[in-house]
Amino acid sequence: MLTRPTVQLDLMVDILKAAAEPSRLRILVLLSHGDLTVSDLTEILDQSQPRVSRHLKLLLEADLIVRYQEGTWAYFRLSESDAAREFVDGVVARIDRTDPVTDRDLERLEAIKQRREERAAEYFAANAASWDQIRSLHVPDAAVEAELKALVGERPFQSMADLGTGTGRLLELFAPLYRRGIGVDLSREMLAVARAKLERAGITHAQVRLGNVYAPPVDRDSHDLVTLHQVLHYLEEPGLAIREAAKLLRPAGKLVIVDFAPHALEFLREEHAHVRLGFGDGQIGEWLREAELELVETRNFEPEGDAAGGLTVKLWLAQDRRMLIADNQHRAGQTRAGTVKELA
């Protein structure tokens, strides 16, 4: 039987005081639909920025929400604490969405999301030709995604981190499995695209943040799945990115890398900013060993049809060794005990 998260009496009083105010309760309802900035909330609530900031400060102090920075913008989202999240979800679920105030807030929220989608569409339109050219060189993304899902499996897990998240596609793909997801990318434009796509898909348990894959703003030793999808070929130091990704894994956590096999398509370096022209199994294996990860599976996806002679997509699945080592030691201990017993 699962135990429900609990909090101390004094803290519960603070939580109730923080939530028991109309504007702050409206903020909690809005954040249950996704991350928002102070400007977003000011527009929706039709209140001054200092007043909204004061409400946010009280909610932060009660650990009901969290704040994170994206360049010059500060975003707010519901707390990831189990106790706080359960409390907020329970309260928000009991609010009548047809209430005039709530209904108006959600209408304004929808308008903000629509603007985000329009900006994302503009960015897509400006870059579509470049992306389509690269896609035409390898197998359809759907084939790779199907294999990714098969390797990761169907068992739910706690947390996922997607480094170099781009459009947030992997966060969307694995959303049914993880409880919390986070994507990191250096491009604010790509983050805008990812945020719009996640909102459109109704995925509220994932967020995206501005950050570098060499120093991701993500908790260490806390993720069951970390992904590097078509990222390494843009990097000067892919090995360092893999080592940093490994630090995010909890014991027995999995790292998935998707990239290209070695190729000679030099125009990708010249026209599409590819620093590396693919990776061999030996090189990836060496970097994984340096990161103290165990290579578990490798998959190849050869180009087909019109893409023949193009790019081979590679998929590498690695696992954190700590649980594997502990399991091997446990089994060895059992074997020794059995041998002693036999000798006795």
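**Close-up views of a predicted model**

View A. Leaving aside residues up to four places away in sequence, D105 touches R26, L30, I44 and L45. D105 lies in helix α6, which spans residues 100-135. The relative accessible area of D105 is 3%, so this residue is buried. Its side chain and that of R26 are joined by a polar contact of 2.8 Å.

**View B. Packing of helix α2 against helix α4.** Helix α2 covers residues 22-31 and helix α4 covers residues 49-61. Their axes are 10 Å apart and form an angle of about 75°; α2 and α4 are therefore roughly perpendicular to each other. On the α2 side the contact involves S23, R24, I27 and L28, which meet R51, H55, L56, L58 and L59 of α4. By type, the residues of this contact are five nonpolar, two polar and two charged.

**View C. The largest nonpolar core, with 32 residues.** The members that touch the most other members are L148, M160, F174, Y178 and V256. Two or more residues each are given to this core by α7 (141-152), β4 (157-163), α8 (169-173), α9 (188-200), β6 (206-210), β8 (249-260) and β10 (313-320). Helix α7 supplies the largest share, four residues.

**View D. Contacts of V256.** With residues up to four places away in sequence not counted, V256 touches L148, V152, L225, V226, T227, L228, L315, W316 and L317.

**View E. A second, separate core of 29 residues.** Among the members of this second core are V29, I44, L45 and I95. I44 and L45 are also touched by D105.

Notes
Residues numbered from 1 in each chain as written. Predicted model: local features only at pLDDT ≥ 70, side-chain atom pairs only at ≥ 80, totals over all residues. Heavy atoms only, no water. Axes fitted to C-alpha atoms, helices over the stretch in contact; angles between N-to-C directions. Parallel < 35°, antiparallel > 145°, perpendicular 65-115°, else oblique. Contact = heavy atoms within 4.5 Å. Nonpolar A, V, L, I, M, F, W, Y, C, P; charged D, E, K, R; others polar. Core = buried A, V, L, I, M, F, W, Y, C linked by side-chain atoms within 4.5 Å. Buried < 20%, exposed > 50% of the residue type's maximum accessible area, 1.4 Å probe, protein only. Polar contact = N/O pair within 3.5 Å; in protein donor to acceptor, adjacent residues only side chain to side chain.
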